[in-house]
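Visitor: I would like to know how the terms used for this model are backed up. Please take me through it.

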Amino acid sequence: MSKKYTITTPIYYVNSVPHIGTALTTLAADVTARYQKMRGREVFFLTGTDENGLKVKEAAEKAGKDPMAFVDEISSKFKEIWPGMFIEFDDFIRTTEPRHRIAVQEFFRILQEKGHIYTGTYEGWYDVSSETFYKESDLVDGKSPDGNEVRWVKEDNYFFRMSSFAEPLMAHIDANPNFILPETRKNEVVSFIKQGLRDVCISRANPGWGIPVPGDDSQVVYVWFDALINYIAATGWPKPGWEDYWPAEVQWMGKDILTRFHATLWPAMLLGVGLPLPETLVGHAWLLMGGEKISKSKGNVVAPLELAAELSERSTCALDVAIDAVRFYMAATLPVDNDSVFTYEEFDRKYNTDLANDLGNALNRSLAMSHKFVGGSVPGGSVEEEAVQAIAKAKADFETAMVTFRIDHATDAAWSVVRFLNKYIDTRAPWALAKNNDPALPGVIRSMLLCLRTAEGLVRSIMPKTADAIAAQLGSSPLTDWSQIGTEGSLIEGTALSQPKPIFPRLELTKKEEPKKMEQPKPQPTATPIPAQKEEAVATEITIDDFAKVKLKVGRVLEAEPVEGSDKLMKLQVVIGEERRQIVAGIRKSYSAEDLISRQVIVCVNLKPAKLRGVESQGMLLAATDADGGAILLQPDKEAPEGTGVK
Ligand code: ME8
């Protein structure tokens, strides 16, 4: 069997349920796994739960439960939630399993045999919350450096000679520039090692919970020493065959557990036993909320599936899509060097801008125009050079980002082709080509569709269900082979396209929810939508100055969909120069969505915004009224750039 591409997450404490902090690391590992599978690697993706240790025992006591029943219950929540987020792990290890206990005891025994373990008395502080030993000089105002309560401990324990591994460890770090990522974290680790690595206490007095030290039931193995061994236990070690799974290509974690544990204790333990070191350790930064790390102990948790369920309810997108939107948010904002702050406002804003506006628009416009201008199937013709280049660059940038596990950069690379596509549509203006019977039209539409197909492939590891939905609308099978992404062969001429079905309905943000920092600040939206133009007699004369107060501009309809629960109203996304507006108009009886997409319109842009059937409208379309009361939309006599003023 060939060596698998092994990816691990930390094993999470079962003192409480999963939240978006733990989901962040697991999602990063899942994106890595899916990407490597697309590239043809056989992947072994390991996650699990950390169930020994005082922290868990005390949490069980607090809950009034037997520790085993308690860990069974919470571990199963982790095991269930990940598939719910479309996380495809291959193995889930629990440190209460026999396979883990056997590996830990064997590991301990080998280190003892090799003279790396000795007995002594530990006297110092212990932080149960992070299961960490601290010296007096480590404390800050009598607390751990993370601000946790500490307890004084004096015990006869076993110690691991970590100090003797400082040199080989530094040599390994120097020789392997990608061993610790990102660079900022590597520097932290190097300075930690340079301060001098201390021997580590690796056992605690047996509290009746944990893995007994081999040959000494009065002690249990220190929970961190035990937990780290999960990575090798899951490979089947010490039984033969583990070499197919170890060393890991990448071990994902948060920065909190990199320096003291994964980047020093863990490699020293492996060196001690004589096992190879993982290729890369990635220690990402934290997601904060209200200025604090999102954590179980702080109680400021956001449950990822609840976040998705709420989004689905508020936006009316499908639940699968909402789960993908949570995945997207995490991938796009994955904190690397610096912590990032989670806010519901930013989550909503990214949904609207990156998903509804960018990706959703690109999909809807491309499909609608393919139906309108080339009969609804993939045309032949050649893809235009600028599209070829944008596609190649997006794919290459994605790959480069993934070499150093920059999931945030990879996500941005995927979006670069989406952003290119929206601009390309605006500048190549297929509606104008169609009007002039320009022979470039099929090639332009093909270029648009190839960009979409590329986007489908590039977003697949981040948003698998959305990628499937895009493939289905393109009438194509899912693009799962990385080498095919961006190729002409991935888009077969003559394939029937489905009608555009909006995947990401826009979220209506109330004033309170309106994000403080918008990427592209919109001018104050104004305008009351007028469902249908009422014919009114001209009552009073107005002056030219009065008339000048009414601001009219040329716009173009990008998207159109009926407003649910109304047989008159149509919700439109209209581009007016640099800005986009949502306009609700009572034109449904006279126009279908397809009639409207890509049509130019005249918009009154300075009416106060209003809600129609609960949907905000930020402008009004000008229309005449026919004999039956139906709307006849006004449009410029010839194409005018969007945003042009009308007098
Ligand atoms: O430390 N932002 O488990 P744990 C980013 N059992 N990542 C976060 C986060 C946040 N706000 N909160 C949690 C343990 N994480 C040990 C690990 S491994 C041998 C043993 C993620 O349940 C991040 O990956 O406290 C962090 O390192 C991990 O969850 C800590 O999970």
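Guide: We start at Trp125, which lies in strand E4 (residues 117-127). Helices (H or I, at least four residues) and strands (E, at least two) are DSSP runs, numbered from the N terminus. This is a predicted model: local features need pLDDT of at least 70, side-chain atom pairs count only at pLDDT 80 or more, and totals for chains, interfaces and linings use all residues. Residues are numbered from 1 along each chain as its sequence is written, and side-chain values use heavy atoms, without hydrogens or water.

Visitor: What makes the pairing of Trp125 with Glu136 a polar contact?

Guide: The two side chains come to 2.8 Å. The term requires a pair of N or O atoms within 3.5 Å; within protein, one must be able to donate a hydrogen and the other to accept it, and residues adjacent in sequence count only if both atoms are side-chain atoms. The 2.8 Å pair therefore qualifies.

Visitor: Which other residues does Trp125 touch, leaving out those up to four places away in sequence?

Guide: Among them are Phe133, Tyr134, Leu139, Val150 and Trp152. Contact means heavy atoms within 4.5 Å.

Visitor: How do you know that H10 has the span expected of a helix?

Guide: H10 (residues 304-315) has 12 residues and reaches 16 Å from its first C-alpha to its last. The expected span is 1.5 Å times one less than the number of residues. That gives 16 Å, and H10 is close to it.

Visitor: Which residues of H10 are called buried?

Guide: Pro304, Leu307, Ala308, Leu311, Ser312 and Ser315. Buried means under 20% relative accessible area, exposed over 50%, partly exposed in between (1.4 Å probe, protein chains only).

Visitor: Why are the buried residues of H10 said to line one face?

Guide: Seen down the axis, they fall within an arc of 135°, so they line one face of the helix. The arc is that of the directions from the helix axis to the C-beta atoms. An α-helix has 3.6 residues a turn, so residues three or four places apart point the same way. The face of H10 turned away from the buried side carries exposed Glu306 and Glu313.

Visitor: What do the buried residues of H10 pack against?

Guide: Helix H1 (20-38), helix H3 (67-84), helix H11 (319-332) and helix H12 (344-374).
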